[in-house]
Amino acid sequence: MTDDAEETGGDRPVVFDLAPSCTLSDVSEGDRYHATVNGVVDYGVFVDVSDAVSGLIHESSLDTDYAVGDRLIVELDEIRDNGDVAFTPADPDDYQTAAVEHDPEITPLDSLTVGDEATVEGEIVQIKQTGGPTIVQVGDETGIRACAAFAGAGVRAYPELSVGDAVRIRGEAESHDGTLQLEIGDVTILDGETATDVHERVAEGRRERATPADVDPLVEWEAFEEIRSELVEVARLLRETVLEGRPIRIRHHADGDGMCAAIPVQQALEAFIDEVHGTPDAARHRLKRLPSKAPFYEMEDVTRDLNFALEGQARHGQKLPFLLMLDNGSTEEDVPAYRKLAHYDVPIAVVDHHHPDPEAVEPLLDAHVNPYRHGLDYRVTTGMMCVELARLIHPEITDDLRHVPAVAGLSDRSSATAMDDYVALADEEGYDRADLENVSEALDYAAHWLRYKDGGQVVSDVLNVGCDDEARHEELVEFLSTRAERDVERQLSVVEPHVESERLDSGVRFHRVDLENFAHRFTYPAPGKTTGELHDELVREHREPVITVGYGPDFAVLRSDGVRLDIPEMVTELNEELPGAGVSGGGHLVVGSIKFVEGRREDVIDALVEKMGDADLDEELSAAAVDD
């Protein structure tokens, strides 16, 4: 500290007054310091020159008695190899005092190792009070780590701390249940320029790290490029969300394409969350995936999600989550739920391939990816898009996903121009078309019986994403797909004799069936799947434009082939023409569903048939044309 003395100027001796946080790195042999006696023993007195720097004045150097708390000036004689410090009393004349602030070496959070005595700086992203210590999650530009302080069982330590504070923490890195944790020695809430510097450094580091990986798409598909640029932005948003310590909640359609969309993204996010937090189970508390009961975000679902989020905020100090809607969320029916979340500033992103209502939903969204916005349509499935999204988030997952776009396409009967390439890519991974169809059926069967629970490892094993046992995957797919096929055949055997058929004025073959009275209920396949399987049989039989409607007391499921049905527009018109019928629903150009008031079923079905008769024929939407 000789340079500091010279800078103080003049011939007057300098006595340094150390800040409490100063360490041995801030002192030098031969310099003088203000000290406080902290202990008296037979062989001398112990003094503190800061909270972290203490030493002994040997009795041989003392010419007077001292008591605990006495102030004096000391000179640092020696810093021994073992860290012990020796002082002697000093009595300089006409001295000047120079304050010394501690400028510690800051250790990046991702560089901490067990046993380190370290000082870290960052932002508080979460404060959780356990039955024991207070756990403060701190994030810097390299990651997020847990810091623990104990003030008593269940007692909040450092109550002055808040989420968002810029802090400097000194402590020792220890292992707790196999996870690195910094045991807090002291905490300083930073302010002024120091705090601003920390916030800016952390923000810049997060922006850089949030940049998605630069990976080529799995197949060359020119029409997909504009969509892919939007997926890059969603990937950046999600990575930034993880780096901020904010939880993520995934909602997705409960069908094959929805599963093919959600599971890869879930696996990619889990890997990135664990990487950022430096622990293998971090994602368990910060990511939740749930299927949605309806083909839109119902008020029941948003209420449960919001209640869960607010409980997490109150009990665990978590930020409110980022909502990611997959294979769902693009329509006007989603707006009430989004408006409810807007009261809590919950960010929302949607990746979907259903016919959208962009003017209704986009003011409420942070990101919206939908092929219709680029002149494409439902044939670009959400599963295809989300495989690329997952690879942008965590490219190391790629080898697990090469077969998934083909499964997604077959699940939603896509005739996209890239389907052949996706099927060929899956074939390189050992999946022929029959294998892919079996995985699709098994996924659909599992989703049905899960009753809108996430399915966890079961659906991962069926899709073979994150599955660690290839034999189990194959056995599970064979078992579930065989049972699905059996149940479909049983259902069709009772439904087909009751199908009513007619030729519409447009030349379209129209088929309808009463599923309430002529189908097995509350089992697999459900009405939507039943109508779809029946429709596929009829298309193969007739190989010309076909419309199939399966209806119940208050619903109708619609399927078409070679006919362009604008189902959202039909719903709008039915509501105008049939006031009080309560018509709602939506879908693609060739598949959809509507609901209505039970007592108006006959009026709704009759009006619907009339509109279908006026629908345009479109050979591009024909499965028969694709097969040819």
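Two strands count as paired when DSSP finds at least two bridges between them. With that in hand, welcome to a set of close-up views of this predicted model.

**View 1. Strands β19 and β20 run side by side.** Strand β19 covers residues 509-514, and strand β20 covers residues 546-551. The two strands are parallel and are joined by six bridges. To find your place, look for D514, which stands opposite Y551 in β20.

**View 2. A second open sheet is built from five parallel strands.** Here the order is β14-β13-β15-β16-β17. Which strands stand at the edges? They are β14 (287-292) and β17 (367-369); each has a single partner strand, so one side of each is left without a neighbour in the sheet. The twist in this sheet averages 15° from one strand to the next.

**View 3. Strands β15 and β16 lie next to each other in the five-stranded sheet.** Four bridges join β15 (residues 322-326) to β16, and the two strands run parallel. Another helix, α5 (residues 299-316), lies across β13 and β14 and runs at about 165° to β13.

**View 4. Helix α3 meets helix α8.** Helix α8 takes in residues 382-393 and packs against α3 at an angle of about 45°, with the axes 9 Å apart. The two helices are therefore oblique to each other, and their crossing is right-handed. From α3 come I227, R228, L231, V232, V234, A235, L238 and R239, which meet M385, E388, L389, L392 and I393 of α8. What kinds of residue make up this contact? There are 10 nonpolar, no polar and three charged.

**View 5. Helix α3 also meets helix α2.** The axes of α2 (residues 192-210) and α3 come within 8 Å and cross at roughly 135°. That angle makes α2 oblique to α3. The crossing of α2 and α3 is right-handed. On the α2 side you will find R206, R207, R209 and A210, and on the α3 side R236, R239, E240 and L243. The residues of this contact divide into two nonpolar, no polar and six charged.

View 6. Overall, the average pLDDT is 91, and 97% of the residues score at least 70. Which elements have the lowest and the highest mean pLDDT? Helix α1 (residues 2-8) has the lowest, at 45, and strand β16 (residues 348-351) the highest, at 98. Over residues 2-7 the pLDDT is below 50, and this stretch has four contacts in the model beyond near neighbours in sequence. Residues 624-628 also stay under 50, with six contacts beyond four places in sequence. Where pLDDT is low, the predicted coordinates should not be read in detail.

Terms used. Residues are numbered from 1 along each chain as its sequence is written. This is a predicted model: local features need pLDDT of at least 70, side-chain atom pairs count only at pLDDT 80 or more; totals for chains, interfaces and linings use all residues. Side-chain values use heavy atoms; hydrogens and water are left out. pLDDT is the predictor's confidence in each residue, from 0 to 100. Contact means heavy atoms within 4.5 Å. Axes are lines fitted to C-alpha atoms, for helices over the stretch in contact, and angles run from 0 to 180 degrees between N-to-C directions. Angles under 35 degrees count as roughly parallel, over 145 as roughly antiparallel, 65 to 115 as roughly perpendicular and the rest as oblique. A crossing is left-handed if the near helix is turned anticlockwise from the far one by less than a right angle, and right-handed if clockwise. Ala, Val, Leu, Ile, Met, Phe, Trp, Tyr, Cys and Pro count as nonpolar, Asp, Glu, Lys and Arg as charged, and the others, Gly among them, as polar.
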